[in-house]
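This report describes one protein structure for a reader who is new to the subject. Please look over the sequence and the model before reading on.

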Amino acid sequence: MKKFGTAVILAGGKSTRMGFDKQLLKINERRLIDNLRRKLNKMFDDIVVVTNRSEYYLGFPDKITKDIIVGKGPLSGIHAGLKASYSQYVYFVACDMPNINLNYIEYMKKELKDLKVKACVTRYGEWIEPFNAFYSKNMIEDIEEHLSNNGRSVNSLISKLPVHYIEEEKAREFSPNWDMFLNLNTKEELNDYLKIINSQN
């Protein structure tokens, strides 16, 4: 796998359903975000963490940044990540998504190679998966305009832009059970996930 480009880990959010800050999530005594960084380092030469708690990342070799437009949800994080990235297309994942699929990321990179679009996202029925996706720096002004008009939904913004969609059927070739889009929102989901991975060891 060729290593190039920027990956962004979004580590913001209120984590109200989890009951503690998801940036501190641990899987078998190791911070989940450390696992994400280790895996992404195999494919990207630049990693950016968007966080409202930079003190959690003292000593990290990665670039640490925070929302520029504060309090507008995931689009705030995408905006900050794009601003801090050097590559044209930037990979985005959330800090509570444990199952990075490097083969799928490689597939998306290849899909984007000769396209002129503002995003590459996976479709799930009528919806999209906003993370485990690529966004272009050309989207920055679109995001700013969307947020200035009180739009907060990634889905509604994407629907107005030139986007390369990967259909569910294709994505399931890489992740039949859709676990590469799993995010851990509650303690119950975390416990279920830990049971699954511990049963596999």
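## Terms and basis

Two strands are said to pair if DSSP finds at least two bridges between them. Strands (E, at least two residues) and helices (H or I, at least four) are DSSP runs, numbered from the N terminus.

The model is predicted, so local features need pLDDT of at least 70 and side-chain atom pairs count only at pLDDT 80 or more, while totals for chains, interfaces and linings use all residues. Residues are numbered from 1 along each chain as its sequence is written, and side-chain values use heavy atoms, with hydrogens and water left out.

## The sheet

Seven strands form an open sheet in the order S5-S4-S1-S6-S8-S7-S9, and their pairing is mixed. At its edges are strand S5 (63-65) and strand S9 (163-166), each of which pairs on one side only. From one strand to the next, the twist averages 30 degrees. For such angles, axes are lines fitted to C-alpha atoms, for helices over the stretch in contact, and angles run from 0 to 180 degrees between N-to-C directions.

Helix H3 (residues 102-112) packs on the sheet and touches strand S6 (89-94), strand S7 (119-124), strand S8 (127-136) and S9. Contact here means heavy atoms within 4.5 Å. The direction of H3 makes about 65 degrees with that of S8.

## Strand S4 and its partners

Strand S4 (residues 46-50) pairs with S5 in the parallel sense over three bridges. Within this pairing, Lys63 of S5 is the bridge partner of Val48, and Val49 stands opposite Ile64. S4 also pairs with strand S1 (residues 6-10), in the parallel sense over five bridges; here Ala7 stands opposite Ile47.

How enclosed is S4 by the rest of the structure? Five of its five residues are buried, so S4 is largely enclosed. Buried means under 20% relative accessible area, exposed means over 50%, and partly exposed lies in between (1.4 Å probe, protein chains only). In a regular strand, side chains alternate between the two faces of the sheet. In S4, Asp46, Val48 and Val50 are buried on one side, and Ile47 and Val49 are buried on the other.

## Salt bridges

Side chains of opposite charge can pair when their charged atoms come close. A salt bridge is counted when a side-chain nitrogen of Lys or Arg is within 4 Å of a carboxyl oxygen of Asp or Glu. By this rule the structure has nine salt bridges.

Lys83 and Glu144 meet in one of them, at 4.0 Å from N to O. Lys83 belongs to helix H2 (residues 74-84) and Glu144 to helix H4 (residues 140-148), so this pair ties together parts that are 61 residues apart in sequence. Lys83 counts as partly exposed because its relative accessibility is 46%, and Glu144 counts as partly exposed at 29%. In another salt bridge, the closest N and O atoms of Lys118 and Asp142 are 2.7 Å apart. Lys118 lies in the loop between H3 and S7 and Asp142 in helix H4, so the linked parts are 24 residues apart in sequence. Asp142 counts as buried, at 17% relative accessibility.

## A network around Asp62

Salt bridges that share partners join Arg31, Asp34, Arg37 and Asp62 into one network. Asp62 lies in the loop between S4 and S5 and counts as buried because its relative accessibility is 13%. Its side chain makes a polar contact with the side chain of Arg37 at 2.4 Å. A polar contact is a pair of N or O atoms within 3.5 Å; within protein, one must be able to donate a hydrogen and the other to accept it, and residues adjacent in sequence count only if both atoms are side-chain atoms. Not counting residues up to four places away in sequence, Asp62 touches Arg37 and Ile47.

## The nonpolar core

A nonpolar core is a set of buried Ala, Val, Leu, Ile, Met, Phe, Trp, Tyr and Cys residues joined through side-chain atoms within 4.5 Å. The largest such core has 68 residues, and those with the most contacts inside it are Leu40, Ile78, Ile105 and Tyr135. Leaving aside neighbours within four places in sequence, Tyr135 is in contact with several residues, including Ile78, Leu82, Phe92 and Lys118.
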